[in-house]
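Subject: Structure for you to look at, with notes

Dear colleague,

Here is the structure I promised to pass on, and my notes on it follow below. Please open it alongside the text as you read.

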Amino acid sequence: MPLSSLQFVTYTIANAMLAGLPEPAAMVERMTLVLGEHSGWMNGLARGVEKRFGARWDSVGRKELSRVVAENTGFVSAWKGENQPKVVRLLLSPSVQRPSPPWLHGVALPQLPTLGDLAAWLKIEQNELDWFADRWRVPAQSSATPLHHYSYKAIEKRDGRCRIIEVPKSRLRALQRKVLHGLLDRIPAHDAVHGFRRGRNTVTFAAPHAGKAVVIRFDLTDFFASVHEGRVYSAIRALGYPVEVSRALTALCTNRVPSGRLVAPDVRDKIDWLERQRYRTRHLPQGAPTSPALANLCAFRLDLRLAGLARSLGATYTRYADDLAFSGGDDLARMAQRLEVRVAAIAIEEGFAVNLRKTRVMRRGARQHLAGVVVNSHPNLGRAEFDVLKAVLTNCVRSDPALQNREGHSDFRAHLAGRVAHAAMLNAARGAKLEEIFDRIVWYRNPPVNAGSGA
């Protein structure tokens, strides 16, 4: 690009201003350095830039700032005059990873000041990083192409609608697991969160609400799809990572569902317009290993405010993924309707939405349950769940276990073992009965002999 190019000059001036702190005198000094001489228009430009962008200096981009330079009256006059500004040297802002915020004191995050450092940390070449983090490589309308990093599966809900599971392909999934284990797992979630955290589960989520006069459960609509790429970028940027690194990490962990997939016969009439728009916008994909941890990180303010609301009411608050639970005494029971309004308002302000149709107010005397755990007096296994699981196990003893795998679990034995262990954790006596039946299952049966084979 020739040195006289307006775009080149404005970009160079923008780079110079961004190469240090947003102090007018310092910016003028850097502009003088790249243009070789001082001009009067620099002072007004620097003061205007400091006033407009100083509060968010770390997030200002070169392109945005170059437009401000090109529209500055003094610069325009100089550009049209005889002594046209010319670049004599380049001054680039150094890529520096800022210190972690105070609330992460003592947490060692990986140092990734440049895209090259990020690629090396992921153990891939930088051109491969560009490939996986390229958000616009495939047209949004394309429904089937090998260039996509995701495959899609529609799961039907109980109400006849559907949820789209976005499954990253093997290479991207491996990179996301590296981001999860090497970075995101080191960042603590709010203490009220029990989903996707080591040492916590549905039992620890439900246990604080046992024996309460009233238990109120709320459900968040499209929890993962509600977290769009802007929120993910802001959360990663707040950890101290430079702009380009934050953008690359965001691109690795977000996705948009192609429009062609959203109008496919198995999906078209089972999602509404608002859901379709969430899927079309880059968001946290349900199916990516990084999505739960990033959702917890992006929901930190939501948890902070809801926990504060609970404290002000003398109530208890916990969250497991998209399930919100409040419990308390008779005072909370009397103001259940007002609580519903306040929770819905806070959720909207924080970028989420409460599915009011799924709100449940469970008073003492009726069955109180959270995430399959009965909490009327103490955490316990529901009778209906016990009966269903017992029936499945018994049928597995009597016939081929594969015939009972109606939901298509890839490891049905491990799935059942997990459910039995969960039951035993809640109710030792019922768990022991289930374990006894599970131990009698024959998992590998001999294939039937073909009568016509002559064997």
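Two strands are said to pair if DSSP finds at least two bridges between them; helices (H or I, at least four residues) and strands (E, at least two) are DSSP runs, numbered from the N terminus. With that in hand, three strands form an open sheet in the order 7-8-9, with antiparallel pairing. Because strand 7 (369-370) and strand 9 (380-381) stand at the edges, each with a single partner strand, one side of each is left without a neighbour in the sheet. Strand 7 pairs with strand 8 (residues 373-374) over two bridges in the antiparallel sense, and Leu 370 has Val 373 in strand 8 as its bridge partner.

Please bear in mind that this is a predicted model, in which local features need pLDDT of at least 70 and side-chain atom pairs count only at pLDDT 80 or more, while totals for chains, interfaces and linings use all residues. Residues are numbered from 1 along each chain as its sequence is written, and side-chain values use heavy atoms, with hydrogens and water left out.

As to the whole chain, the protein has 20 helices and nine strands. Its radius of gyration is 28 Å, well over the 23 Å that the globule rule gives for 455 residues, so the chain is more spread out than a compact globule; the radius is taken over C-alpha atoms, and the rule is 2.2 Å times the number of residues to the power 0.38. Along the principal axes, the C-alpha trace spans about 95 × 75 × 45 Å. Buried residues (under 20% relative accessible area, with exposed being over 50% and partly exposed in between, for a 1.4 Å probe and protein chains only) make up 47% of the 455 residues.

A second open sheet has four strands in the order 4-5-3-6, again with antiparallel pairing. Here strand 4 (316-320) and strand 6 (360-363) stand at the edges with a single partner strand each, so one side of each is left without a neighbour in the sheet. From one strand to the next the twist averages 15°, where axes are lines fitted to C-alpha atoms, for helices over the stretch in contact, and angles run from 0 to 180 degrees between N-to-C directions. Strand 4 is joined to strand 5 (residues 323-328) by five bridges, the two running antiparallel. Helix 17 (residues 336-349) packs on this sheet, touching strand 3 (214-219), strand 5 and strand 6, and its direction makes about 30° with that of strand 3; contact means heavy atoms within 4.5 Å. Thr 316 has Ser 327 in strand 5 as its bridge partner, and Thr 318 stands opposite Ala 325 in strand 5. Strands 4 and 5 form a hairpin with two residues between them, and Ala 321 in the turn has a positive phi of about 55°.

On the interior, a nonpolar core is a set of buried Ala, Val, Leu, Ile, Met, Phe, Trp, Tyr and Cys residues joined through side-chain atoms within 4.5 Å. The largest has 74 residues, and those with the most contacts inside it are Leu 118, Leu 122, Leu 252, Leu 306 and Val 343. A second, separate core of 27 residues includes Val 9, Met 27, Phe 53 and Val 69.

Finally, Cys 298 lies in helix 14 (residues 291-298) and counts as buried because its relative accessibility is 13%.

With best wishes
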